[in-house]
Amino acid sequence: MTAPVQPVRTSTASPLSFALGVAALVSLGATVALGLALPPSVEQQDYSRLVAIHPGLAWASYVAFGITALGSLLWLWPRTRHERWDLLAGASAEVGAVFTALTLATGSIWGRAVWGVWWVWDARLTLSALMLALLLGYLALRRVPGDPETVARRSAVAGILASLVVPVNHFAVEWWNTLHQGRSALQLTPSKSVDGRFLFAMTIGFLAMTLVYAWLTLHRVRMARLEQGAAGKDLDQAIAARRAETQPATRPATPVPSGGVPSPGGTTLRSTTLGSTS
Amino acid sequence: MWHDALLVAGKDLRIEARSRVGLNQVVPFAVLVLVLFAFALDPDQDVLVKAAAGLFWVAVLLATLLAVQRSAGLESGDGIPDALRLSGLDPAGIFLGKAAAVAVQLVVLEIVLGVGVVVLYGVDISGIGILAATMVAATIGLAASGTLYGVLAGGLRVRETLLPLLLLPVVAPVLIAATRASEAALTGLSVDVAPGDWLGLLAAFAAIYLAFGVVAYGTLLEDS
């Protein structure tokens with residue numbers, strides 16, 4: 001096997017993402033500490049402490065959904081079309097699915113303790129569940145293999161289509177469940193019912209979840225870019241090795257055929273490489 | 001655009017009229033779903049009457065998946081996507097035509113299912129006007145969103161499994177709104193939100209997906 005043509009970037013870290021990671025970790029630690037230090041409330045006991053993470057998670061899942069829609073839009077818009085927007089939309093949807101699932105899980109745990117059931121057909125719960133289904137559908141579509149441009153196009157359209165339905169879904173589930181819980185302690189607006197400490201922990205929770213989301217998404221985008229590069233590289237190396245077999249005496253193995261055109265990702269375009277072999 | 005839409009709708013409907021797949025397979029399937037609901041719930045008519053509106057629309061949604069898959073399948077054979085692009089037809093017209101063809105099939109299906117609900121579940125239809133309006137608004141929304149997702153998943157090998165996952169969460173508000181709007185007409189029960197509001201929601205849904213389809217169908221055709 002030949003050595004790689006150019007040094008391969010194996011890390012997805014950069015000074016900026018390192019700083020972001022540290023900030024995310026510190027704020028997450030602060031959220032945990034503040035959350036655990038909260039006094040148990042009279043009605044909800046220990047479960048009231050979930051207020052430190054649950055609203056933040058829900059917020060981050062909405063942000064993720066919005067970024068996916070925005071990335072899709074920027075890719076579809078011819079003047080801003082760039083591979084990075086597609087990768088951003090995909091990465092954001094993946095991280096968003098995790099956050100949405102966590103929102104549902106923490107909400108369920110809280111609901112079991114306070115409402116007595118794991119699930120109620122509350123408007124916000126239902127909306128979150130539908131959003132999770134939309135994200136999973138979007139991710140399933142992304143995973144269908146194909147030409148990168150084609151995958152990007154259909155993903156972008158699916159991203160927009162999925163985000164279009166969210167406002168309609170919102171009204172549908174709100175009206176559908178006319179008996180839904182009023183806005184409770186899990187709400188950003190300060191009110192007399194919410195202790196200042198709860199509000200503070202919750203605010204730090206919002207910050208922490210936003211930072212964690214940003215950090216994970218950033219790394220996922222870089223990871224996706226490396227994956228794309230690796231996909232092309234394997235093929236190039238296999239072709240180079242095959243060539244080396246046929247011409248052992250005259251020429252040492254050349255990893256990149258002369259006809260190869262470097263693509264923006266640093267790899268050799270497949271079609272050109274294959275064309276030069278035949 | 002309108003001329004192209006008529007051409008495409010006419011072509012799709014002629015294919016359906018001649019092949020009778022919709023009539024011989026999709027409609028019986030939907031009626032079968034109604035029967036299965038009765039098995040699953042109760043022979044007791046009370047439960048069925050109360051749930052009739054929801055069951056009716058779930059049956060419509062399931063049949064929509066089949067109709068949409070079939071409509072997209074017509075355009076995904078050998079070289080047909082290219083032929084469609086080379087035909088010079090306006091993409092917006094193709095979208096409207098295909099959606100219209102699906103909508104016509106769905107309306108026929110809904111009428112059959114409506115009779116099925118009356119006969120099998122013993123429902124008394126009290127408000128035919130509101131029911132008809134709900135059917136029209138919901139059907140346009142289902143046909144528009146279904147046609148979009150149909151072409152999106154149309155060329156893929158996994159389309160049979162992927163389409164339900166993509167389409168069903170999107171049409172969930174149609175199910176909610178159409179069920180609530182037709183509930184009063186089908187069961188005679190009072191409802192909290194006036195049917196008019198639900199109709200508005202259905203109309204908004206239909207308008208959003210129609211508008212998006214008119215704008216974006218060309219992009220989607222390039223892909224398949």
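A: This is a predicted model. Start where the chains touch. Chain A brings 26 residues to the contact, and chain B brings 27 residues. On the chain A side, H4 and helix H5 (148-176) each supply at least two residues. H5(A) gives the most to that side, with 16 residues. By kind, the chain A side divides into 20 nonpolar, 4 polar and 2 charged residues.

Now look at H4(A) by itself. Helix H4 of chain A covers residues 123-143, which is 21 residues. At 1.5 Å a residue, H4(A) should span 30 Å. Among the buried residues of H4(A) are A:Leu130, A:Met131, A:Leu134, A:Leu135, A:Tyr138 and A:Leu141. An α-helix has 3.6 residues a turn, so residues three or four places apart point the same way.

Move to chain B for a helix pair. Two packed helices are described by the angle between their axes and the distance between the axes. Helix H1 (residues 2-19) and helix H5 (residues 91-121) of chain B have axes that come within 7 Å and cross at roughly 40°. H1(B) and H5(B) are therefore oblique to each other. The crossing of H1(B) past H5(B) is right-handed. From H1(B), the residues in this contact include B:Trp2, B:Leu6, B:Ala9 and B:Leu13. From H5(B), they include B:Gly93, B:Ile94, B:Ala101 and B:Val104. The residues of the H1(B) and H5(B) contact divide into 12 nonpolar, 3 polar and 4 charged.

Conventions:
Residues numbered from 1 in each chain as written. Chains lettered and ligands numbered in written order. Predicted model: local features only at pLDDT ≥ 70, side-chain atom pairs only at ≥ 80, totals over all residues. Helix = DSSP H or I, 4+ residues; strand = E, 2+ residues; numbered from the N terminus. Expected span 1.5 Å × (residues − 1). Buried ≥ 20, exposed ≤ 12 C-beta atoms within 10 Å, placed from the backbone. Axes fitted to C-alpha atoms, helices over the stretch in contact; angles between N-to-C directions. Parallel < 35°, antiparallel > 145°, perpendicular 65-115°, else oblique. Left-handed = near helix turned anticlockwise from the far one by under 90°. Contact = placed C-beta atoms within 7 Å. Nonpolar A, V, L, I, M, F, W, Y, C, P; charged D, E, K, R; others polar.
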